[in-house]
Amino acid sequence: MSRVCQITGKSFMVGNNVSHSKRRTKRRFDINLFKKKFYLPEEDRWVNLRVSAAGLRMINKVGVSAALKGAKEKGFITNY
């Protein structure tokens, strides 16, 4: 499974390692992902999601059901 947030759709970024002599080599900046379990009271069940730190803040702000609905509309998640 790729390292993509299921709520925000964030994935890794690409940049450079820069040495003291200014030689540049490619590197990846991975995102801060967590495997978290959330409770959906409307459906009376638990949902496992891979969310980033920004996704956790969004869930805390708007609620888990609204965040899942928005992610499904944007195509970040197909089923949960």
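# Briefing: a chain of four strands and two helices

The chain has two helices and four strands, where helices (H or I, at least four residues) and strands (E, at least two) are DSSP runs numbered from the N terminus. Along the sequence these elements come in the pattern β-β-β-β-α-α. This is a predicted model, in which local features need pLDDT of at least 70, side-chain atom pairs count only at pLDDT 80 or more, and totals for chains, interfaces and linings use all residues. Residues are numbered from 1 along each chain as its sequence is written, and side-chain values use heavy atoms, with hydrogens and water left out.

**Overall dimensions and surface**

- The radius of gyration of the chain is 16 Å, whereas a compact globule of 80 residues would have a value near 12 Å; the radius is taken over C-alpha atoms, and the globule rule is 2.2 Å times the number of residues to the power 0.38.
- Taken along the principal axes, the C-alpha atoms fill a box of roughly 60 × 20 × 20 Å.
- Of the 80 residues, 28% count as buried, which here means under 20% relative accessible area, with exposed meaning over 50% and partly exposed in between (1.4 Å probe, protein chains only).
- The accessible surface comes to about 6000 Å², and carbon and sulfur atoms make up 51% of that area; the areas come from the Shrake-Rupley method with a 1.4 Å probe, and for residues only the protein chains shown count as cover.
- Among contacts with a separation of 6 or more, 40% are between residues 24 or more positions apart; a contact means heavy atoms within 4.5 Å.

**Charges**

- There are 18 positive and 5 negative side chains, and the centres of the two sets lie 18 Å apart.
- Lys and Arg count as positive and Asp and Glu as negative, while His and the chain ends are not counted.
- Each charge is placed at NZ of Lys, CZ of Arg, CG of Asp or CD of Glu.

**Helix α1 and its cover**

- Helix α1 spans residues 53-62, and its buried residues are Ala 54, Gly 55, Leu 56 and Ile 59.
- The cover over the buried residues of α1 includes β3 (33-40), β4 (45-52) and α2 (64-74).
- Gly 63 follows α1 and has a positive phi, near 100°.

- Phe 38 is in strand β3 and counts as buried because its relative accessibility is 13%.
- Leaving aside neighbours within four places in sequence, Phe 38 is in contact with Arg 45, Trp 46, Val 47, Leu 49, Val 51, Leu 56, Ile 59 and Val 64.
- Two of these partners, Leu 56 and Ile 59, are also among the buried residues of α1.
- Ser 52 is in strand β4 and counts as buried because its relative accessibility is 3%.
- Ser 52 touches Cys 5, Thr 8, Lys 10, Ile 31, Asn 32, Leu 33 and Phe 34, not counting residues up to four places away in sequence.

**Aromatic pair**

- Rings of Phe, Tyr and Trp (its six-membered ring) pair if their centres lie within 6.5 Å; planes under 30 degrees apart count as stacked, over 60 as edge-to-face and the rest as tilted.
- By this rule there is one aromatic pair.
- Tyr 39 and Trp 46 form this pair, which is tilted, at 5.2 Å centre to centre and 55° between the planes.
- Tyr 39 is partly exposed at a relative accessible area of 35%, and Trp 46 is exposed at 54%.

**Loop residues**

- Most residues other than glycine have a negative phi.
- Lys 22 is not a glycine, yet has a positive phi of about 70°.
- Lys 22 sits in the loop between β1 (13-18) and β2 (24-29) and is exposed, with a relative accessible area of 54%.
- Asp 44, also a residue other than glycine, has a positive phi near 55°.
- Asp 44 is in the loop between β3 and β4 and counts as exposed at 57% relative accessibility.
- Asp 30 lies in the loop between β2 and β3 and is partly exposed, with a relative accessible area of 47%.
- Asp 30 touches Arg 3 and Phe 12, not counting residues up to four places away in sequence.
- From Asp 30 to Val 62 the distance is 25 Å, C-alpha to C-alpha, and the two are 32 residues apart in sequence.
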